[in-house]
Amino acid sequence: MNIFNKSTITSIKSIGVIILLAVNLSSCIETVELNLRSIEPQLVIEGKITDDSTQNEVKITLTQDFQQRNEFPLITTAQVNITDVTTGENEELDLSFLEVYPIKKLRGISGHTYKLTVKYNGKTYEATSTMPQKVVFQALKYQSISRIDTKTKMVVIYKDPKDQINYYRWATIGNDGIRSRAFFVRNDVFNNGNQVEQVIDSGIDINSGDKISIEMQCIDKATFEYFLTLVKQQGQGLNNGAAGSNPPTNISGGALGYFGAYTVETKAITIL
């Protein structure tokens, strides 16, 4: 007696075809090893001199290959020099216990030009920056802004000078004393000569009882363009989402980073 009817035979044939396809497909799978090209590490110099005596320093690190961990080795064997080009005064910088090069003798003066020179591994890197005139930070307040949800935003008040092009950066120091990693920069293209109340995107949650400090910096064009690129890469502001390219630098010799001379003024307020 034939126990298999036509329908059963057809089903068995179909199963056989599926098994055969599975075997053939599995035999086609290969392990692909990508031959990714390593990238030579680059020097990164981040230098600043301000009209304040506590924030002036040069930090030097190396970029890492993308195959390495996200760590940036500090450079501790460089020769670092700062010159006030306007007066000719010069300072050799020594490495501190924090492994940065603090500027101890020179202090920034508006209108003066400063030159940074770094010598490392047989190469010389240089940058210059002129400190802008200081714009008075008149007042600091906060307000609640409702969009998807209600958030507290800081608002800085100042009078933009009409007779010059101005570039600004604001840094937020949170209730824990730690600076926000968000960069907020603006120029005066839409506010030239105006009384300004600028809402700051601080990048942190601000709550009742917090004491928030805002540092207003008057920066030069090169420093503005450097931090503007970082802002776009972080996805902040209206024109966000820039491609992940290196920010423009004013440092010659092939290093990344920036050297900026700028004024600073800080105000604090407690959120009620």
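The model is predicted, so local features need pLDDT of at least 70 and side-chain atom pairs count only at pLDDT 80 or more, while totals for chains, interfaces and linings use all residues. Residues are numbered from 1 along each chain as its sequence is written, and side-chain values use heavy atoms, with hydrogens and water left out.

**Gln195**
- Gln195 sits in strand β12 (residues 195–200); strands are DSSP E runs of at least two residues, helices H or I runs of at least four, numbered from the N terminus.
- At 48% relative accessible area, Gln195 is partly exposed (between buried, under 20%, and exposed, over 50%; 1.4 Å probe, protein chains only).
- Beyond neighbours within four places in sequence, Gln195 is in contact with Gln138, Ile157, Tyr158 and Lys159 (heavy atoms within 4.5 Å).

**Largest pocket**
- About 1,300 Å³ of space lies in the largest pocket (an open set of points on a 1 Å grid over the protein atoms alone, where a 1.4 Å probe fits, with protein on both sides within 12 Å along at least five of seven lines; lining residues have an atom within 4 Å of a point; the volume is the space filled by probe spheres set on the points, which are joined across faces, edges and corners).
- It has 33 lining residues, with Glu46, Arg181, Phe183, Tyr226 and Leu230 closest to the centre.
- Helix α2 gives the most to this lining, 5 residues.

**Second largest pocket**
- This one holds about 590 Å³.
- Of its 23 lining residues, Arg147, Lys153, Ile200, Asp201 and Ser202 are closest to the centre.
- β9 leads here with 5 residues.
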